[in-house]
Each structure stands twice: as C-alpha cells, then as structure tokens.
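Colleague: Could you put the model up, so that we can go through a few points together?
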Amino acid sequence: MKMMRLAKLGLFATVATLVLHPAANGQEPNRTRALARQPWLNPALSPDRRAALVVAKMTTDEKLKLVFGYFSSTFTPKNYVGPKEGRDGAAGYVPGIPRLGIPAQHQTDAGIGVATQGAAKKIRERTALPSGLATTATWDPDVGYAGGRMIGSEARSSGFNVMLAGGVNLQRDPRNGRNFEYGGEDPLLAGTMVGAQIAGIQSNNVISTLKHFAMNDLETGRDYHDAVIAPDAARISDLLAFQIAMEKGRPASVMCAYNRVNSVYACEHKWLLTDVLRRQFGFKGYVMSDWGGTHSTVAAANAGLEQDSGFPFDKEPYFGAPLKAAIAKGLVSPARLNEMAHRILWSMFKVGVVDRPLVMGPIDMRAHAEVTRADAEQGMVLLKNDGNLLPLGPDVRRIVLIGSHADKGVLSGGGSSQTYPVGINAVPGLQPTSWPGPVVYYPNAPLDAIRRLAPNAEVSFVDGTDPAAAAAAARAADVAIVFLTQWATESIDAPMVLPGNQDQLIEAVASANPRTIAVLETGGPVLMPWASRVPAIVEAWFPGTAGGDAIANVLTGRVNPSGKLPVTFPMSEAQLPRPIRPGTGLKNGEMFSINYTEGATVGYKWFDAKRLEPLFPFGHGLSYTRFAYSGLKAAPSSSRRGAVTVSFTVRNTGRVAGMDVSQIYIAPAAGGWEAPKRLGGFKKVNLAPGESRSVMLEVDPRLLATFSGGMWRIAAGQYKVMLGASSRDLRQTKTVRLSASTMPDTWRP
Ligand code: BGC
C-alpha cells in the first residue's frame, strides 16, 4: 500500500516528472525559461492552477478537441476506420494539444486487463485478472489494489493513459450479463473493492474510470430502458457504492451509462451528473459518456457531461460540430466549455498523465501471472464440502475431470472488456465468434495443473458431451471433478440455468460416484438443482489467465480457500424481485421500464426482508480450517460522530493456516431500514493454526443512517452489532445505543 499512499500525496507523479518530462530532464536548455513559457507544465503547481493556466491559452477549437473522443478501432457497420494516431484495437482516442504540451488520451478497456476490441488487426496478448466479481470475492482490498496496479502497468507499457476500469454497478439481478465485471450486491463491499482497484490502476499515472453511472444494472435494452427508482433509495444503494469507490479510489473520470434513470438518459441527467456527483460526492474530475451513450448536445453539456466518447457510436457527433454551433448560439456557454476543458485537464494533471509521458515497454508476464493467480486463489469460494471431500488427499489414485474444456483452459467473460492472454484462445470457434463474442478460454488447463500437483494419481479427462460415458468414467475413478460453465457477456443477459446438458451431466456423474466435486466457472450465481446430491462445490468464477493453476492449488489444498460470496445465490428465479426478467418478449428497441420497487432492498437485504432461504447466502464461503470469534465489543466512536467502533478476536482453531473474512452486520432494534440488516464492516486476516488476531473496525455513519429530505438521518435507539462468518451465520451480538443525529447530503468521511 506504500505506492498507494505516495500516489495519493501526488508525490509519485512529481518525482516521475522530474525524471521523465522532457521539459524537466535537461532536454530544454533552460527549464526556468520553458516553464515561464508554459507554466502549467510545472508539477509544483496544483492541478487546478495548471488547468486554469492552460485553458486560458487555448483556442475554442482546441477546447473542443478535448471533449470529443473517437473509437480507436475499425467499425465496419459504419465504414469507420479509427484515427491513425490512435492505438489499433483500442476503445478510445482523444487528440492532445501538442503546442501546449498536452498529450493525447489513449483509452483502453477494462477491469481485468488491457483488452483488444473485436476488429483489431493484431490482438494484444496481456495478463487477465479474474473477473471483477471474483476479485470482490476475496474481500481483500490489498488484492484489489495489487490487481489494479498490475493491469495499470500493462496499460502504460502498452501505450495507454486511460483505463476504462472501475465497474461498480450493483448486482440487482443475477441474470445481468455484466455482473461479472462488477463488485456484487453490497455498496460497502463493492465500493471498497472497486475503489482499491482504481487506486492501483492510477498508481501508474493512468486515469481510471468509475462506471457505468448509474443504474446500468441489466443489459437487456440497456441503450434505452428506463431504470425507475426512488432517488433516496438509489442514494443508499447503487449511488453509495459509487460514492464509496470514489472515496477509496479517487478516480479522475466517471463514465455515464447507456440507460435512462427515471426517464432521463444517464448522460444528460443533471441530478446524477451535477447534483449527486459534483455537489454531493465532491467529484472534481470529468465525465465521459459510454460509447454511444450520448443523446444530445445542449442537454448533455449543460447537465454535466464533459467528454463525448467513441465516435461514431452516437447517432450524431454531438460534441463535435453541433457543440461548436450550440456555443455560437449561446445555448452552451463559453464558461461551460472552459469548465469542460478544465475538468479534463485537471484529471490529466492530477493523475500524472501529462507529467509522465507514455513509454511502451516490455511486460513481466511471469510476475504478473503470480498476481492474477493469487487473486483467483483468494477469490474462489468453497460453497460446500461435506465429509471434507476436499482437499484431495494423497490417497486419491484415480481422478477424472469432466466437461467444459478443462483439458484446455478456463473460461473468461466476453464483451468490450475481453482481454486476450498469450496464446489467445484455447478453444477457438465456439459461438458466438464475433460481438458480443468471441468466447475465449484462457490456455491454463486445470487438467495439466492437477496432473502436475498429483503426480502419483492417474488423472484423465472426459469431455462431458455424453452423460452416460461421463458417469461410466466417474464410476471407475476415486473422485470425479465436473467443470460447469456459463459464459456471460456484455449486451445480453443470461438465464440462471446452466446451458446445455450440464445439470443432467452432473446428476449422472454424482449418481455414479458419491465422491463428486463441482467446479463452477460462471459470471455469477446459477441455479444448482443438484446441489444437495453433490458433496463438494467450488465457485471459481471466471478465474483469469492463471485460473487453471489456481483451481488446482485450491482443490489439492496447496491453497486454503478463503473467498466469500459477494452475492446471494438464489434457490430459484422465483425468489428474485422480478422473477421474469424485464424486457422479456419485447422486440429489440421496444421501450420498457424496470421498476426497482425494491429500492435499496438489494441482494441479501431482499432475502432477509422477505424471509427467503437462499441456496448460498451472501458472505458465505468455507475453509479447510475453522475460525472462532470472541470478545465482540461495540461503542459509539469517540472521534467520528455517528460512527460505531467494533472490536473482536478471531482465532484459527483448525490444523492448517488459513484466511478468514469476519463480517460485521448492523441492525436497528426498532427496524425502519430498507432491510433487517446491513453489512457494516469486514476484515480478512491470515492466521496460522492456533493463532489469534484482534480486529478493530469502524462502521461508517452512512451505514447507520437512512436518507431522506436531502439528509442522512441516524435515529436514536439501540442497534444490534453482529459478528459472523456470513450474512446467515452470525456468531455474536452486542447492542449499542446511538443518539439521534443528521448529516448533510454532502457528508464525506
Ligand atoms: C461499454 C463500456 C466500454 C466501452 C468502450 C461499451 O460498450 O459499455 O464499458 O468501456 O464500450 O469499449
């Protein structure tokens, strides 16, 4: 975390500047004279001052250049070829102003690594992290930060200074095709984990982009559907996740979403972009639109959009010639154009994009494989382990792996964030092979890894297309490991049912061999009608480019699983707030609303409020060891009004080392919240057998408040503080009394 602190202080950028900027390393004969000519290049000045100085020197056309971005790849449907100055196969390019020393923005997707867009002439082979949801399942912000730092460094070495990473839309519906890119269903957990990743990315002097702001929680009809929600409920759910991520990560940029919110498009939504983002959150950076997410010139510019991205995806080049015309007509003020340019430049100065020019360079693939492997290992969730079937012991002589190309690789999620590894695709040709595909398996096969780790066992593979043949192979083995996959991708949603014959397959295998283990590679929750008949289940998510090794390490006990569910796994779609997915049966383009009548009662909060029994609850995850909690104490914080300080001790009472995620939930004795309880804090600790550790946490006062009438309100009364191993495994409770207090909507820690 040292790098993070340096970056926060702005020191890293300053040091780098002195070493790297041409104006500062002796190439200019007289640095003082150069800085006198272009004082905004002086890193000793504040980003605000620097932005003001350079904006004052810019022509209107130069300002207009900064607010209009191009797709940087070929787009055949519109006969479009990306600008030659851009990077081929990249998401975006925004020209710089060379005469003023302002570099171009080279923008790349996304949250798991440096992606390549579909029509690229050459695919970039880069390291891919596990999915965002998998990283969130680590419940360890240090892991999130390390992953962000790694992919940010690959972005920089690949010639990018903006990374479109930082997806934090809450999981409101497990069928949303992009859940895998995000941070799950709880605002505190999602905001903390995504914020850590953003800080890691920006430690490379690369801008990170919090997205998709806001309520972009379903892909069906995403370009036009209307997310209808009470603003106060949004403020304590989806918007709180964004706010926490912003506070933890300080992203210099925010991407507004495709959809409408309460009937207005997100990219021209004054309440979202100006009132919430600027005034309440105190955001000083710039808002860029999603690719094709702008719908107007005047409304968008005046509502708070600064950069219209991804020409030619919009219907018109709204911030191109139409913006120039709108300024000439006085519909958008010159002051607003100045502000737009100022915010973009402020961000570039703040993060160090101007001070540290891009230098393409080699990537340490081996070191980065370790980062992604550690992330995958810590994010894997052992959902079930009856009779301690796992880890596989030395007594296991015959192992059969079944299905899902486990002999070739591990599945990844699709869409604009698709990152390709060295070797590109272990299973090419699966449908769809083009947008929103291709379906990509990373060439890191569980079969090879298990063979390496179990040299004395006979490890075979059966492809799983024929359940009877798979069952026969399972019968002849000591242990059967069935790999179950569901591909997920941007732009389409997925039912919760595993595709193809996979449910049948695992039923057949489990009936043939009671020692059957299920390994899931999915974007998020799926239904498991067979769960009670399968003794061991591991959720491996989309585990990234070292996923095969990570799976093998967990199955064989080289790594003790420590992931916890960042989302509830429902028993059936009937348990969801909207059992039928909104938009079902409508023609593409047919307008519909999603009525988020559940408000902030999202995920486990919904399951608690409705007294529903999930298949696996939020926060759940087993270990090969056991942990005990003791000494829970809770008291009003002495230093922060409205906050609560909590302390307790965790002890590893088992025989192997392991990591525990202790979770604090809070609930007002009198009720009155959107749900019976909320997650108030969590901490991951690594403990040797017999070791104990005391943990102290502070519960953010916003998590003890309701939001109404533009205020956070903490009601006087008793609050239960509960310590547990999951949202449904609460081990100790203490009560704390809080007095009534309010905080303004601009309150920040
Ligand atoms: C996605 C964004 C992405 C952008 C650029 C859009 O389709 O929604 O998340 O950053 O494309 O590729």
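Colleague: Which helix is Asp-503 found in?
Modeller: Asp-503 belongs to helix H18, residues 502-512, where helices (H or I, at least four residues) and strands (E, at least two) are DSSP runs numbered from the N terminus. This is a predicted model, in which local features need pLDDT of at least 70, side-chain atom pairs count only at pLDDT 80 or more, and totals for chains, interfaces and linings use all residues. Residues are numbered from 1 along each chain as its sequence is written, and side-chain values use heavy atoms, with hydrogens and water left out.
Colleague: Is Asp-503 buried or exposed?
Modeller: Asp-503 is buried, meaning under 20% relative accessible area with a 1.4 Å probe, protein chains only.
Colleague: And which residues is it in contact with, leaving aside neighbours within four places in sequence?
Modeller: With contact taken as heavy atoms within 4.5 Å, Asp-503 touches Val-497, Leu-498, Leu-527, Pro-529 and Trp-530.
Colleague: Changing topic, what is the strand order in the open sheet?
Modeller: The six strands run S12-S19-S18-S17-S13-S16, with mixed pairing, two strands being paired if DSSP finds at least two bridges between them. Strands S12 (381-385) and S16 (458-462) are at the edges with a single partner strand each, so one side of each has no neighbour in the sheet.
Colleague: In what sense do S13 and S16 pair?
Modeller: Strand S13, residues 398-402, pairs with S16 in the parallel sense over five bridges, and the bridge partner of Arg-398 in S16 is Glu-458.

How values were computed
Buried means under 20% relative accessible area, exposed over 50%, partly exposed in between (1.4 Å probe, protein chains only). Lys and Arg count as positive and Asp and Glu as negative; His and the chain ends are not counted. A salt bridge is a side-chain nitrogen of Lys or Arg within 4 Å of a carboxyl oxygen of Asp or Glu.
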